[in-house]
Amino acid sequence: MRTLTALSAIYLVSASAFGVAIALQRNPPMAAQANRLAQMAWSATQSGAATINEQAVKPAVARIVEWDKQFFDRLDPPKRYAAAKPHVTVARAKPAHKAKPPVVVAKKEAPPPVLRPAIAEPPAKVAANTPPPKAVTNMPAKPDFSLAPEQAPSVTAPPPRAELSPLSPAELTRVTMRLRDNLTSEMLANFELFLYVSKAESGPWAQRMYVFKKQGENGLSLAYDWPVSTGRELVEYTPSGHRAPSFTPQGYYELDPERMYRHHISGQWGAPMPYAMFFNWQVGGLQTGLAIHAAHGEDIALLGSRASAGCVRLAPENAALLFNLIKTQYRGLAPRFAMERRTATMSNQGLLMHDVQGRIQLAEGFKVLVFIENYGGDNVVAAMF
């Protein structure tokens, strides 16, 4: 019976709606009037809903939140801390005859933040007693070469070494043969200038750069012999408080023709890098921050020892000479090092890129090869005893 009654009601409602629809269809003025009435009713409904929300719902919600806060404040009252009073130090007057002139301490400019990622290499040891410094808050508007050198653990300066240490004929032969033994025939044929760097900590060749020019087809002639500073081989804190390695990785490198700067500031360490010549070496799809550049300030006295954050430092006059020599005399087509596609890392093991016919792939750059190894040479005199 209830089902029949419900069906009858549905039928009556449907019939009424159908009749109204037919009437509105046959009488357009009436349909327009009905549409206006419906719009007015909808507008009134929206206005009423907004009024109720502003005058009733929101005040009620705010009141409930306030009650909730008061309830929980009673259960767990908030702790109040008395404002610390500033400590005032009163200087005591001293007798005039004991007064000393004031000491003026120069303020050190804060270095810029890290911009560039660190070179990844398995750490060998961690620098001791090097807590992270405070974060940098100011960045100099212009490059300022009066900034302090790289923040690093104290490095004991080695005994003074001669800027130029002419090799004996026998020693020169040994250095030349050491470099030739580490060059392939393709390297010797396609590069014109060779920078051999020893990053060893000790030995007669330790912390030196030997600059060889190619002579003839396969000959090598020593042009310069300079002291350098390579990486400290530690894991340290940068001025911005980030842990970073200060390694100089061994291997073969080319110079990046797009990153040669007479004036540069390290984004990671905030230190000046005059005459910077960056390596064209990608790791994980990103160019690294390794470079050859001039030492600055107190770092000049540390040449001949491991003292850098990973770059190869030279004396300012030697860095300027090498910078100008490479830019003016050694630009041209140079071999490209092979790239590991899976890791997007460029080889630093001396693997050159070839096409399907086996020909070396060349690109515009500098015909300069940098070879770095951890070998300081053999002390022949000491070995005799």
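In the predicted model, E192, K214 and K367 are joined in a network of salt bridges, and the total for the structure comes to 12 salt bridges. Side chains of opposite charge can pair when their charged atoms come close. R306 counts as buried because its relative accessibility of 19% lies under the 20% cut-off, whereas E201 is exposed, with a relative accessible area of 62%. In the salt bridge of D256 with R259, the closest N and O atoms are 3.0 Å apart; D256 is buried at 7% relative accessibility, and R259 is likewise buried at 9%.

Within helix α2, K58 and E54 lie 4 residues apart, about one turn of the helix, and their side chains form a salt bridge with an N to O distance of 3.1 Å. K58 is partly exposed at 44% relative accessible area, as is E54 at 47%. Helix α2, which spans residues 28-75, also holds V61, and V61 forms a nonpolar surface patch together with I52 and V57, with about 250 Å² of accessible area in total.

Helix α5, comprising the 14 residues 316-329, reaches 20 Å from its first C-alpha to its last, close to the 20 Å expected at 1.5 Å a residue. Its buried residues are N318, A319, A320, L322, F323, L325 and I326. Overall, the protein chain contains 6 helices and 17 strands, and 34% of its 385 residues are buried.

Definitions and conventions. Residues are numbered from 1 along each chain as its sequence is written. This is a predicted model: local features need pLDDT of at least 70, side-chain atom pairs count only at pLDDT 80 or more; totals for chains, interfaces and linings use all residues. Side-chain values use heavy atoms; hydrogens and water are left out. Helices (H or I, at least four residues) and strands (E, at least two) are DSSP runs, numbered from the N terminus. Buried means under 20% relative accessible area, exposed over 50%, partly exposed in between (1.4 Å probe, protein chains only). Patches are made of residues with over 30% relative accessible area and no salt bridge: like charges are joined within 9 Å, nonpolar side chains (Val, Leu, Ile, Met, Phe, Trp, Tyr) within 5 Å. Accessible areas come from the Shrake-Rupley method with a 1.4 Å probe; for residues, only the protein chains shown count as cover. A salt bridge is a side-chain nitrogen of Lys or Arg within 4 Å of a carboxyl oxygen of Asp or Glu. The expected span of a helix is 1.5 Å times one less than its number of residues.
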